[in-house]
Every structure is written in structure tokens, then in C-alpha cells.
Amino acid sequence: MKKQTQAIHTSFQSHDAYGSLAMPVYHTAAYEFNNATEMADAFCGRSDAPDYSRVTNPTVTYLENKIRELKGATGVVAMSSGMAAISNTLFCLSATGKNIVSSRHLFGNTYALIGGTMLRFGVKPKLVDLTNLEEVEAAVDNNTACIFMEIITNPQMEVADIAALADIAHSKNIPLVADTTMIPFTHFDAHALGVDIEVVSSTKYISGGATSIGGLVIDYGMPNFTKRMRQEMLMNFGAYMTPHVAYMQNLGLETLDARYRVQAQNALTVARALKEVKEIKRVNYIGLEDNPYYELSRRQFGETSGAMLTIDLESQEACFDCINRLQLVRRATNLFDNKSLAIHPASTIFGNFTPRQREKMDVLDTTIRLSIGLEDAEDIIEDIKNSLTPGSLTPGPSPIERGE
């Protein structure tokens, strides 16, 4: 079956007594066993039977199985958030005295995790330019646990050569871990490019319009990795996805392809239109032919380029004025909601970093991040254009004030 068909028709792991077309939500903590031997086998991982919903739940398992089949993966673990997927993966791979080779161009919380939290546990960050392969190779040593990357950095929109980084990682017998949230995993093959472990915020494209918070860890064959994730990380950290979230994300996965194609086309249309607006100093979108990462992105991700772009204005004040005047685009965080969203990263997601830290991370005061939704592209364009013309519109009431 093609991926879209498979996303809808993957079989349940057990027949439903009532013939439900959608995997039921198993809202239960524990499960009854026929005998003590079955119970012991389940708890010790010798069978696939669920034992306790903190580590195994049939609704969550169905989502994991569906994604494993879609991706041809060895194992999939569904987590309570994208950050849970990242943190559990990195803790699973590392130990005191190890280091993680990554970039300063990371999402704010990921940067804080690698550069701060894990450092307190004796895992050192080695932050380099991932587009400079010589610098990456020089950073990897005998204590390196993995190379960690974002396939499109947020909000810098940098794209590194995945296959080249994989070659470096594999030559040193370490895994390449990639956060692939920015492009749906159904639309490009991370494993074919050499990624060993894929982490995804399923809150984004998969959830089906920001309905729920979740994360995924996709394993392409790291020895004992999935086993350790389940028997140690889930057992001891307890960050497993809940059954209701799995139910909603199963439904979201069924419409992912249809939604993503509209959002990606909308993003390209909006980016092209905004390049002609004189108040905008720069439009950063990898789907534009003059973008420095256009050719590499085409080779890696195919014909679509995601649904996030950034624009730069003359100052932070201009950014705030623009955001305040938006009428259709919502003032909110998150990415890939059905609604278009705008945020000023420097004062929000990266607001607790010092100006010097933001400078090193190339997070600019002049940047607005746009997540493009499913509205008509012309309506999105008109709203942004109007918000950039001083005096054309006064700040309107928020959707909350309008009672929406």
C-alpha cells in the first residue's frame, strides 16, 4: 500500500469485539492476566501483552505500530511531548563523561537541554557549525555519544547535509539523531539519508490541527536502543504518551498528507508574495529558489519545503507593531496548526536567553516566525500586508476578545 493508504488501513494488533473502525481508547491503568506466567512474561518483556499503561497501552501501541510500518523502522516509542522524545533519547544514548555534538542553531528548549540540563549530569555539549563538515569531524571524539541535528533549524531555517553528517557519525561508530519535525516523516526518508534515530514532535503536523501534545522516537536499528527506551527510560522517567492523545494522533495521521500538501503550497505562495512587500527586509523560506539551501533541501526533502517561514523587519518595534495589527493570523506559539500563527522568537521562545546568547544562536530581534495554516493563501497574504502598513489598521481585538 502507498503511505497515505497505509496510514488509514493499518490493522489493529487485536480484533475489536465490536468491530470498531477506529482504534478504541483504552482508558485503563492496568490489565488482567489469565495466569501468573503470562503476567511475568508481560512485565519482563517476553511478550507484547500490555501490563501497565505507564509503559504499554493498546491505543498507544497501535499508533507506534502504524508509524513503524509506515517508516520501515525497527521500533517506535510514543512519548508525552516532543521534548520528552528528545530528552529521553539523549539520556538513553549518553552517560557521565560523554559529549553530544550539535549546533547553536536549535530550538530554545533543546538548546537549554543540551547546553544546560545535561551538562549538570556530566554530559558536555560540543556546539559547532553543522554545515561545516571539517568542524563537525574535528569535534567528534571517543567520548561522543551522538551527533544531534534539526533537519531545518527553528527559527534560523538552516539546512545541513544529512547524508554527509551520517557518514561522519558512522565512521566513528556513533548514531546520527535527527529532529525531523519540520517536514512530515511521510514525505521524506530520513533513514535512506543515514539517520539512525528520528525524533518528532507529533504535536505539530501529526496531531491534526494542534489537538494534542506528543512526541515520537523512531529507531532504525540501533542495537538495544528501543529495548532500553522501554525497559529503562519509560519505566524510570514515565513520559509515555496517554491513550487519548494516541487516539487523536491516530486520526490526525490519517489526514496528514492532505493537510500538509495544502499547508506547504500555502507557505510557498505566501513566501513568494511577501518577497514583493517593501516593508519586509528578508523572507526566509527554503522553498524559494534564491534560498541558499534550496538545492540541498530539494535533494533531501523532495518537492515540498514545509509550512514555516520567517520574515525580517527593520526592528523589534516594527515586529511587535506588525504582530499587534494581525487580524486573521493568530498571535500564538506552536507550529503547523490548521490556523496560521505568528510569534516573535527572540522575546518569547528565546526570551530567557541573554542578548549575547541570542546573538551566538543567530536569533534576531527583527525576525517574525510564521506557521502557515489551511486558510486561503490570499487571505493570509492580505492580513500580513495590512499589518505591515502603519496606520492602515489599528490593532484589532484578539480572538479571545471577540469571543472566538
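Helix 4 lies across strand 1, strand 2 (99–102), strand 4, strand 5, strand 6 (197–201) and strand 7 (215–219), and runs at about 155 degrees to strand 6. The model is predicted. Ten of the twelve residues of helix 4 are buried, so this helix is largely enclosed by the rest of the structure. The strands under helix 4 belong to an open, mixed sheet of seven strands in the order 1-7-6-5-4-2-3.

- From one strand to the next, the twist averages 20 degrees.
- Strand 4 (residues 144–150) pairs with strand 5 (residues 176–179) in the parallel sense, over four bridges.
- Within that pairing, Met149 has Ala178 of strand 5 as its bridge partner.
- Strand 5 and strand 6 run parallel and are joined by three bridges, with Ala178 opposite Glu198 of strand 6.
- Strand 6 and strand 7 run antiparallel and are joined by five bridges; here Val199 stands opposite Val217 of strand 7.
- Helix 8 (residues 225–237) lies across strand 1, strand 6 and strand 7, at about 30 degrees to strand 1.

**Burial of strand 6**

- Five of the five residues of strand 6 are buried.
- In a regular strand, side chains alternate between the two faces of the sheet.
- In strand 6, Ile197, Val199 and Ser201 are on one side and Glu198 and Val200 on the other, and both faces are covered.

- Helix 4 has twelve residues and spans 17 Å from its first C-alpha to its last, close to the 16 Å expected at 1.5 Å a residue.
- The buried residues of helix 4 are Gly82, Ala84, Ala85, Ile86, Ser87, Asn88, Thr89, Leu90, Cys92 and Leu93.
- Helix 4 (residues 82–93) packs against helix 5 (residues 108–120) at an angle of about 35 degrees, and the axes are 11 Å apart.
- The crossing of these two helices is right-handed.
- Helix 4 contributes Met83, Ile86, Ser87, Leu90 and Phe91 to the contact, and helix 5 contributes Asn109, Thr110, Leu113, Ile114 and Met118.
- By type, the contact residues comprise seven nonpolar, three polar and no charged.

- Strand 10 pairs with strand 11 (residues 341–343) in the parallel sense over two bridges, and Arg330 has Leu341 of strand 11 as its bridge partner.

- Glu276 is in the loop between helix 9 (243–274) and strand 8.
- Glu276 has a relative accessible area of 66% and is exposed.
- Between Glu276 and Tyr247 there are 29 residues of separation in sequence and 43 Å in space, C-alpha to C-alpha.

Definitions and conventions: Residues are numbered from 1 along each chain as its sequence is written. This is a predicted model: local features need pLDDT of at least 70, side-chain atom pairs count only at pLDDT 80 or more; totals for chains, interfaces and linings use all residues. Side-chain values use heavy atoms; hydrogens and water are left out. Two strands pair if DSSP finds at least two bridges between them. Axes are lines fitted to C-alpha atoms, for helices over the stretch in contact, and angles run from 0 to 180 degrees between N-to-C directions. A crossing is left-handed if the near helix is turned anticlockwise from the far one by less than a right angle, and right-handed if clockwise. Contact means heavy atoms within 4.5 Å. Ala, Val, Leu, Ile, Met, Phe, Trp, Tyr, Cys and Pro count as nonpolar, Asp, Glu, Lys and Arg as charged, and the others, Gly among them, as polar. The expected span of a helix is 1.5 Å times one less than its number of residues. Buried means under 20% relative accessible area, exposed over 50%, partly exposed in between (1.4 Å probe, protein chains only).
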